[in-house]
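Could you walk me through this model in my viewer, one selection at a time? I would like to know what to click on next and what I will find there.

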Amino acid sequence: MVNMVVIIKISLENEMDLILANKRCMKVAELLGLTIATQTTFATAVSEIARTVIDITNNGELDIGVVQKGQRHELAALVTFNSDLTLGKADEGVYYAQRLVPQFEMVRDGNLCRIEMKIGLPRSLNTNKVKLDYLKNYFKQEVPATPYEEIKRKNVALNQITAEQEEEIKRSKFIDDKKNEFISIASHELKTPLTVIKAYTQMALKAKDECSERVRQYLVKIDSQSAKLHDLVKQLLDISKAENGKLDYNMQTVSLDEFIAEMVSIMQNITPGHQLEFSVCSGVNISVDSLRMEQVFSNLISNAAKYSAKNTVINIVCTLSADKKNVTIAVSDQGIGMSEESIKSIFNKFYRAETVSNNYAGLGMGLYITAQIIKDHRGKIWAESEIHNGSVFYISLPCTVSR
């Protein structure tokens, strides 16, 4: 209804709402200053329509308010509902209602039906914005007249909160989807020029006699930074794939002790400033994607080295469960440790503790991808830590064969 100031909204679901609608119509008309006769006439017309709507559907909505037409105001009620049943002016409730109010209109658009009822307000009542604002606040603050109304108000509030939460979830998903799309496209676009830069750098480094030692040093730095950037792009691509459930896996059965021994050998060369020690569970086989699992161990051991002082020990310890169905691998360091708050968030995408982000490079992607890979291997990952007392990251994986 055009220019309608809604004072009260009531859903029309059952007979209790019929009583509520009648009381509220009477009260609005009373507070506007209408006579008892006019109050009763208007409330009766609304009740007749409300009863008719409740008989055919449980999705009716009643808005009671005031419409301004030029310098005049009208008390109005708008009833809307959806139903495939036809409602005409010959129906008993509609027939009586249209005889009670001077302005009655019923419009149907498909299954949606709108019924408008209006009564003119005398100018002597001085209806204005201040008065209408008072009415709206009055009914917002009014104590429920019955237990049913109290429950109804709580349900309305809960439904509103739920609707807002659902809308927020939709907005967040839309933003997330767009962000993942951007990350995916940007990563793919960056990958090609990076590969070309690295290839030309390698070619230039091989041409020993054609560049000075100073130029070679520059080329080595370019190659090193290109490799780091390539790893970041790869992580961005992995995040995009993980978000869409498209991380690729080539599962194979491998010997756990051989796999860890190989990883320790590789990582010892990458982290020469730390001593890597490990113990294995002899005879345990696991089903993994070797490249993805290398990514997991590389990330955990690199993090342990990054956040630990040089020349400290990083331990990798395997423990077989009592029923020999699962194996737990613990990667521990003697580093800066983490707070309880950080432990709760470290596997979240792009999370970095403030103390860490100020002193250590990174984007907070590694552990998120690591957790996703472990989850896709039907495993679990968690951490234990104390500030200044190091950290332990645990991985639990199902065994395939245990001898």
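Start by selecting Arg378, which is exposed, with a relative accessible area of 66%. Here, exposed means over 50% relative accessible area, buried means under 20%, and partly exposed lies in between, using a 1.4 Å probe and protein chains only. This is a predicted model, in which local features need pLDDT of at least 70 and side-chain atom pairs count only at pLDDT 80 or more, while totals for chains, interfaces and linings use all residues. Residues are numbered from 1 along each chain as its sequence is written, and side-chain values use heavy atoms, with hydrogens and water left out.

Arg378 sits in the loop between helix H11 (366-376) and strand S11 (380-385). Helices (H or I, at least four residues) and strands (E, at least two) are DSSP runs, numbered from the N terminus. Check the backbone here: phi of Arg378 is near 60°, a positive value in a residue other than glycine. Most residues other than glycine have a negative phi.

Next, move along to His388, in the loop between S11 and strand S12 (391-402). His388 is not a glycine either, yet has a positive phi of about 70°. His388 is also exposed, at a relative accessible area of 66%.

Now for the sheet. Colour S1 to S5: these five strands form an open sheet in the order S1-S2-S3-S5-S4, with antiparallel pairing. S1 and strand S4 (103-109) are at the edges with a single partner strand each, so one side of each has no neighbour in the sheet. On average, neighbouring strands of this sheet are turned by 15° against each other, direction ignored; the angles are taken between N-to-C directions, from 0 to 180 degrees, of axes fitted as lines to C-alpha atoms (for helices, over the stretch in contact). Two strands count as paired if DSSP finds at least two bridges between them.

Zoom in on strand S3 (residues 72-82), which pairs with S2 in the antiparallel sense over nine bridges. Its other antiparallel pairing, with strand S5 (residues 112-121), runs over 10 bridges. Pick Leu78 in S3, the bridge partner of Asp63; in S5, the partner of Leu78 is Glu116. Ala77 in S3 stands opposite Ile64. The hairpin formed by S2 and S3 has two residues between the strands, and Gly70 in the turn has a positive phi of about 65°.

How much of S3 is covered? Eight of its 11 residues are buried. Select Phe81, found in S3: at 1% relative accessibility, Phe81 counts as buried.

For a helix, show H2 (residues 36-56), whose 21 residues reach 30 Å from first C-alpha to last, close to the 30 Å expected. That expected span is 1.5 Å times one less than the number of residues. Buried residues in H2 include Phe42, Val46, Ile49 and Val53.

Finish at the second largest pocket, with a volume of about 800 Å³. Select Ile8, Lys9, Ile10, Arg153 and Val156, the ones nearest its centre among 28 lining residues. Helix H5 (147-206) is one of the elements that supply at least two lining residues, and H5 gives the most, with 10 residues. On a 1 Å grid over the protein atoms alone, a pocket is an open set of points where a 1.4 Å probe fits, with protein on both sides within 12 Å along at least five of seven lines, and lining residues have an atom within 4 Å of a point. The volume is the space filled by probe spheres set on the points, which are joined across faces, edges and corners.
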